[in-house]
Amino acid sequence: MEPEYGVDLKEVFKAIDTAEVLVVRFAIINKRLLIDTRASDDEGPLIRVVPPAASIEERFKTIKQLRPRFHVPERLMSFIWPRHVQTMVDSGVWERITERLAGMGYVGTQEACDLALAELRREERAEELAAVTGDDHYQTLWAARPH
């Protein structure tokens with residue numbers, strides 16, 4: 001494990017480089033990054049921010065719904081990213097993901113990666129604001145005084 005990032009980057013890179021289907025879970029946000037590298041002549045790889053699944057069976061069902069032209073994958077790989085989304089960028093993890101997917105040569109894949117990153121950043125920002133303001137499932141330690 002590398003102390004700077006809280007994960008073994010070699011193992012993360014290995015998962016990115018070899019997984020057919022990869023799910024990245026985040027410590028800060030309750031969304032998942034779904035990466036499906038399977039492709040055909042008609043359909044390129046998929047990268048999308050998705051809600052968490054209650055079970056592995058539910059995740060496979062979601063994948064089948066998103067990718068009906070493909071068989072249900074035999075397995076998927078997953079890892080937890082314990083830091084902020086920007087740290088994923090700074091560490092080279094995001095670049096490795098986009099290089100793998102965009103490197104497959106399908107039109108629109110780089111844009112899909114960019115959209116997924118923007119959505120992850122929005123989700124993280126919303127979660128941070130909720131924590132600070134005490135919204136949703138957070139409770140503030142120091143409530144604002146009424147004026």
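Mentor: Two strands count as paired if DSSP finds at least two bridges between them, and we shall apply that idea to a model that is predicted.

Trainee: Which residue in strand 2 is the bridge partner of Arg25?

Mentor: The partner of Arg25 is Arg32, and this contact belongs to the pairing of strand 1, residues 21–26, with strand 2, where five bridges join the two strands in an antiparallel arrangement. Between strand 1 and strand 2 there are five residues, and the two strands form a hairpin.

Trainee: With which strand does strand 2 pair over five bridges, apart from strand 1?

Mentor: Strand 2 also pairs with strand 3, residues 46–50, again in the antiparallel sense and over five bridges; within that pairing, Ile35 has Ile47 of strand 3 as its bridge partner.

Trainee: How should I read the two faces of strand 2, and are they covered or open?

Mentor: The general idea is that side chains in a regular strand alternate between the two faces of the sheet. In strand 2, Arg32, Leu34 and Asp36 lie on one side, Leu33 and Ile35 lie on the other, and the residues on both sides are buried. Strand 2, which spans residues 32–36, is accordingly described as mostly covered, with five of its five residues buried.

Trainee: Asp36 carries a charged side chain in that list, so what does the side chain of Asp36 meet in a salt bridge?

Mentor: Side chains of opposite charge can pair when their charged atoms come close. Here the side chain of Asp36 meets that of Arg38 in a salt bridge, at 2.6 Å from N to O, and both of these residues are buried. Asp36 also forms a salt bridge with Arg67, at 3.2 Å from N to O; this pair links distant parts of the chain, with Asp36 in strand 2 and Arg67 in the loop between helix 2 (56–66) and strand 4 (77–81), 31 residues apart. Arg67 is buried, as is Asp36.

Trainee: Why does the salt bridge between Glu43 and Arg67 tie together separate parts of the sequence?

Mentor: Glu43 and Arg67 form a salt bridge in which the closest N and O atoms are 3.2 Å apart. Glu43 lies in the loop between strand 2 and strand 3, whereas Arg67 lies in the loop between helix 2 and strand 4, so the pair ties together parts that are 24 residues apart in sequence. Both Glu43 and Arg67 are buried. Through shared partners, salt bridges join Asp36, Arg38, Glu43, Arg67 and Arg69 into one network.

Trainee: How many salt bridges does a search of the whole structure find?

Mentor: The search finds seven.

Technical notes
Residues are numbered from 1 along each chain as its sequence is written. This is a predicted model: local features need pLDDT of at least 70, side-chain atom pairs count only at pLDDT 80 or more; totals for chains, interfaces and linings use all residues. Side-chain values use heavy atoms; hydrogens and water are left out. Buried means under 20% relative accessible area, exposed over 50%, partly exposed in between (1.4 Å probe, protein chains only). Helices (H or I, at least four residues) and strands (E, at least two) are DSSP runs, numbered from the N terminus. A salt bridge is a side-chain nitrogen of Lys or Arg within 4 Å of a carboxyl oxygen of Asp or Glu.
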